Amino acid sequence: MLEAFANGFSGLLAGFMHLQISNVVMIIVGCVLLYLGIKKDFEPLLLVPIGFGCILVNIPLANLMEPHGFLRTIYDAGIMTELFPLLIFVGIGAMTDFSPVLENPVTFLLGAAGQCGIFLTLGLALALGFTELDAVAIGVIGACDGPTAIYVTAKYAPHLLGAVSVAAYSYMSLVPVIQPPIMRALTTEKERTVVMRATRKSVSKTTRILFPLVITILGGLIAPMGLPLLGTIMLGNLMRESGAVERLTKASANEIANVVTLLLGISIGATMDGKIFLQPQTLIILALGFIAICLDTACGVLLGKVLYITSKGKINPLIGAAGISAFPMSARVVMKEGQRYNKKNYLLMHAMGANAAGQIGSVIAAAVMLSVLKGMGII
Amino acid sequence: MKIELTSPIPGKIMKVLVSVGEVVNEDDEVMKIESMKMENPIYAPAAGTIITIGVKENDEVEVDDLLLVIEEGG
């Protein structure tokens, strides 16, 4: 009787006995992510489920990521199939107004320049000895876009998923901290104070409906490997601009995006098992991701400077920094920086153009990269 | 001289921080416009007295819509 009681009691202690130091560290990491999300308001919609998923998966004996564990089931259903990031993309398309790009097509160039970090970081990761597929996943942090990074990593380097997505999402939320020093370092006072008036041009409904169609067909033919990314974001955008399926647009932008964000977050957190996550390469990936976003910003601003010269001083190079996919954070950063140097300068609409271009740019860059790698026989 | 302040961005008037007859300095904040879910301060283009205000809170404005007129020199 007494023995049975003791055995039963030891069952309650088993979890503690199996707790390893790596689990403890990761539970603390999970709590830090929760703290950043809840108290510091850093991408709370993602960091809260990711942080909690991280805690869940590091509690021993619960086996939530083993076959038939509930986190494993969600992960296999949505991340391994790449469905979650694609569903998020439908929502992003439904939320994004691309008309600032269409009003000012030169911003397309800035949206392309803002992707340079992807390719430079890919090269850097290769030089550091990462395998080709791992380097692709690390480079794509430079897309500064969570779903793109998750899509590519889940497909080609799933063992890096935790590190890559944490890097992508945390740097995205740090855009207001990372970008301004680079913007200031690369521009002169005179360049920063260039006033750009917003224009009153409006883009016709036909153009706005044709845009997602043309991008999908043309982009898909050029980079078929990236069509899932491009096609989903453009489907969302077509639904939005057509105005014909308001219920579907709203469902994509709100209900579906919210539900998927929850499932995506918790399954990303579930990849952060201490045994896998706590390795020196995680720190290297975090560092490379940081470099990728700095390079994106620098390339965008440098192209902005080229446009400043070619336009004879009419384009403020600061808007180049918005050529990344962190929408609309980075456009706001540009607006604030511009106003810091000239109170009567409102760069917001131009920065929004570059920012929306960066949103498409990151998807196109990832698609092109995948098609090139396919052509080279690497994937 | 009368100086017109027109809206630099499209958006919604969140706050009008001045009233007719008030004396302002150049670069004083006179309004807040919400655009792209962001609060944008609007500053006085010159020092003087506000003689007209063309908008009220919650109005939607387009680029170049008249916000207010200042009589320079007060």
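Two residues are in contact if their C-beta atoms, placed from the backbone, lie within 7 Å. The exercises below use a predicted model.

**Exercise 1.** Describe the fold of chain A by its secondary structure, its contacts and its overall dimensions.

Solution. 
- Step 1: chain A contains 20 helices and zero strands.
- Step 2: the C-alpha trace of chain A spans about 90 × 45 × 45 Å along its principal axes.
- Step 3: among the contacts in chain A with a separation of 6 or more, 74% link residues 24 or more positions apart.
- Step 4: 53% of the 379 residues of chain A count as buried.

**Exercise 2.** Work out whether N63(A) and H68(A) are buried, partly exposed or exposed, and state what their backbone shows.

Solution. 
- Step 1: N63(A) lies in the loop between α3 (44–57) and α4 (70–78) of chain A, and H68(A) is also placed in the loop between α3 and α4.
- Step 2: phi is positive at N63(A), about 55°, although this residue is not a glycine. For H68(A), likewise not a glycine, the positive phi is about 75°.
- Step 3: a residue is buried with 20 or more other C-beta atoms within 10 Å of its own, exposed with 12 or fewer, and partly exposed in between.
- Step 4: N63(A) has 13 such atoms, so it is partly exposed. H68(A) has 8, so it is exposed.

**Exercise 3.** Characterise the side of chain A that touches chain B.

Solution. 
- Step 1: 13 residues of chain A are in contact with 12 residues of chain B.
- Step 2: α19 (329–341) and α20 (348–375) of chain A are the elements giving two or more residues to this side.
- Step 3: α20(A) supplies the largest share, three residues.
- Step 4: by type, the residues on this side are seven nonpolar, one polar and five charged.

**Exercise 4.** Trace the four-stranded sheet of chain B from edge to edge.

Solution. 
- Step 1: the sheet is open, its order is β1-β8-β6-β3, and the pairing is antiparallel.
- Step 2: β1 (2–6) and β3 (23–24) of chain B pair on one side only, which makes them the edge strands.
- Step 3: β3(B) pairs with β6 (residues 48–53) of chain B over two bridges.
- Step 4: V23(B) has T49(B) in β6(B) as its bridge partner.

Notes
Residues are numbered from 1 along each chain as its sequence is written. Chains are lettered from A and ligands numbered from 1 in the order in which they are written. This is a predicted model: local features need pLDDT of at least 70, side-chain atom pairs count only at pLDDT 80 or more; totals for chains, interfaces and linings use all residues. Ala, Val, Leu, Ile, Met, Phe, Trp, Tyr, Cys and Pro count as nonpolar, Asp, Glu, Lys and Arg as charged, and the others, Gly among them, as polar. Two strands pair if DSSP finds at least two bridges between them.
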